[in-house]
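Me: Please take a close look at one part of the structure below, and then connect that part with the rest. Keep to plain description and give the cut-offs.

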Amino acid sequence: MASLQEYFDALLAHYGPPKWWPAETPFEVMVGAVLTQNTAWKNVEKALHNLKTYDLLDARKIHELDQDTLALAIKPAGTYNLKAARLKGFVAWFLQRFDGDLEKMRQVPPQRLRDELLEVKGIGPETADAILLYALGMPSFVVDAYAHRVLTRHELALDEATYDDLKEYFEKNLPRDAALYNDFHALIVSVGKEFCRPKARCEACPLKPFLPR
DNA sequence: TGCCAGGCCGGGT
DNA sequence: ACCCGGCATGGC
């Protein structure tokens, strides 16, 4: 059976080094992580563009803004009332807990920070891991629907595997390296979008050599 | 033109 | 402990 490292190498050879997360600042990563929940990234881009246009991509400004106005600004991202509430909650926590200071946030060990993030309403495991990895550069593997599809398709995981099962599988079988986690997740999204959608066409997939049987 | 996207929560079993 | 409906826009 092929190792995860071989999967990574094959993906890297096919797609080249990915450039992720597309954002100008760590705070933008954190906001984007919330906005992209069950949402196409294209729509998130529009919402982020609105926030930038109105100069609202800032923790204190979002904190002071009323929720309905925020919802209006992020409307293109969908589920905007929900996300406005989640962003407000997250930002309130970020300001209260760390004074809105990323450096203070970095002082907390990743495992503990992850637990704290999960306490925030609207921050689930994937969003927490995306913040840890892509905003803070901490080695916390980001699992998503694509990772689940790829692993089950290759019979490396069961259909009923939980988020934590998959996360553990990646982390136990790879060196604990944030740069590797970063690129691997991005590459999985690439291959997942292109070849591992519900209607799969595995013939041209760069991971085809590793398919079982 | 429906289906679904880089999830998560809350209420009901 | 699981299961499921709700959230909602815009692209394909």
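Reply: Around DNA strand C lie Asn38, Thr39, Ala40, Lys42, Asn43, Lys75, Pro76, Gly78, Thr79, Tyr80, Asn81 and Leu82, where a residue is near a strand if its C-beta atom, placed from the backbone, lies within 6 Å of it. Two or more residues of this surface come from each of helix 3 (41-53) and helix 6 (80-98); helices are DSSP runs of H or I with at least four residues, strands are runs of E with at least two, and both are numbered from the N terminus. Helix 6 gives the largest share, three residues. By type, the surface near DNA strand C has four nonpolar, six polar and two charged residues. Ala, Val, Leu, Ile, Met, Phe, Trp, Tyr, Cys and Pro count as nonpolar, Asp, Glu, Lys and Arg as charged, and the others, Gly among them, as polar.

The model is predicted: local features need pLDDT of at least 70, side-chain atom pairs count only at pLDDT 80 or more, and totals for chains, interfaces and linings use all residues. Residues are numbered from 1 along each chain as its sequence is written, while chains are lettered from A and ligands numbered from 1 in the order in which they are written.

Nine of its 11 residues are buried, so helix 9 is largely enclosed by the rest of the structure. A residue is buried if 20 or more other C-beta atoms lie within 10 Å of its own, exposed if 12 or fewer, and partly exposed in between, with C-beta atoms placed from the backbone. Among the buried residues of helix 9 are Thr127 and Ile131, and the buried set packs against helix 2 (26-35), helix 8 (110-119) and helix 12. Leaving aside neighbours within four places in sequence, Ile131 contacts Val29, Met30, Ala33, Leu117 and Leu136; contact means C-beta atoms, placed from the backbone, within 7 Å. Just after helix 9, Gly137 has a positive phi of about 70°.

Ile131 leads on to the largest nonpolar core, which has 54 residues; Leu70, Ile74, Leu87, Ile131 and Val191 touch the most other members. Such a core is a set of buried Ala, Val, Leu, Ile, Met, Phe, Trp, Tyr and Cys residues joined through C-beta atoms within 7 Å. At least three of its residues come from each of domain 1 (4-19 + 141-210) and domain 2 (26-135), bounds that come from an automatic or database domain assignment.

The centres of the two domains, over C-alpha atoms, are 25 Å apart, and their contact takes eight residues from domain 1 and six from domain 2. On the domain 1 side, helix 12 supplies the largest share, three residues.

Chain A as a whole has 12 helices and zero strands.

Technical notes:
Contact = placed C-beta atoms within 7 Å.
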